[in-house]
Amino acid sequence: MRSWAGRPVSSLFAAFVAFSCLLLASGSNQEFHGGTGSRVLHQTKSHTHEVHCSRERSRAAWKAIDEYLVPFVEKEKYELPSKCRLHPENDMFREQEEHKMHFDINEWRCGFCKKSFRAEKFIDQHFANRHSNLVDNSQGRCLADLCGALHCDLTMEFKKPKSKCNAAAAARNRHLCESLADSCFPINQGHSASRLHEFFLHQFCDAHTCTGRSKPFPKGGRKQTNRFYLALCILTLLLLPLFYLIVFLHQREMKKGGKVFERIARTAGKKKPS
């Protein structure tokens, strides 16, 4: 075979084929690594704000704190230490929950983007999908972890059925409860802290026993307005003007009737001329 520029044509063709295969292999390898890298990056991004903390149980824990502890803390004018796990800033969902607007039984609205939802579970999903960047998922910010100490099952809408008391679990919950009392209300921080320390032990910790002698929240909680009483007051305010209107109209008609009878009596009393 004839040569081109001193080289056989067959050799040039073989070199061209080899060079082409090398380019294809390199491109394919780069494509594979690029695809793998994008998948890893996507997985990394998707797991950046992954939260392993129950929003429902965290909400129940906060409800127990807000109803059975906060009123007494406010009464003492005591400020919880920032290291206290019961502090509002140590609840990873607190900012989202504060931007949850409830207008009606079937109307919830996001305070960040103003989107509306028919149920609370849908706005919870919205927060997890669209506003997960607002969740600080650092250690010690999951209130659900404190549910054992705070008796969350008593504040949840769907309460768990009662089960046989587990002495080991009760002991663990009591230990957690007492550690909360020590960190949130150090007895060496003054009279208010000392009183609240004792109060917290009675309000939350003493019930962690299988004897059944102590009940959770024996000191009571935030005073709730009776809904029936409130509805009755509103109904009374609405009906009161109507009542006065009926009385006014009745009296006016009675006066008119009295005047008619008076004219009839005067007319009948006059004698006809003979």
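Cys177 is buried (under 20% relative accessible area, with exposed over 50% and partly exposed in between; 1.4 Å probe, protein chains only), at 0% relative accessibility. The model is predicted: local features need pLDDT of at least 70, side-chain atom pairs count only at pLDDT 80 or more, and totals for chains, interfaces and linings use all residues. Residues are numbered from 1 along each chain as its sequence is written, and side-chain values use heavy atoms, leaving out hydrogens and water.

Cys177 forms a disulfide with Cys205, the sulfur atoms lying 2.0 Å apart. A disulfide is a pair of cysteine sulfur atoms within 2.5 Å. The pair links distant parts of the chain, with Cys177 in helix α7 and Cys205 in helix α8 (residues 191-205), 28 residues apart. Helices (H or I, at least four residues) are DSSP runs, numbered from the N terminus. The torsion about the S-S bond is about -85°, so this link is left-handed. Cys205 is also buried, at 0%.

The count comes to 5 disulfides. Their pattern is 1-3, 2-8, 4-5, 6-10, 7-9, with bonded cysteines counted along the chain.

Cys84 and Cys184 are joined with sulfur atoms 1.9 Å apart. Cys84 lies in the loop between α3 (70-75) and α4 (94-98), and Cys184 in helix α7 (residues 167-184), so the pair ties together parts 100 residues apart in sequence. This bond is right-handed, at 85°. Both Cys84 and Cys184 are buried.

Cys147 and Cys152 bond at 2.3 Å between sulfur atoms. Their link is left-handed, at -85°. Cys147 is buried at 4%, and Cys152 at 1%.

The sulfur of Cys110 is 3.6 Å from the closest cysteine sulfur, in Cys113, too far for a bond. Cys110 is buried at 0%, whereas Cys113 is partly exposed at 33%.

Terms used
Helix = DSSP H or I, 4+ residues; strand = E, 2+ residues; numbered from the N terminus.
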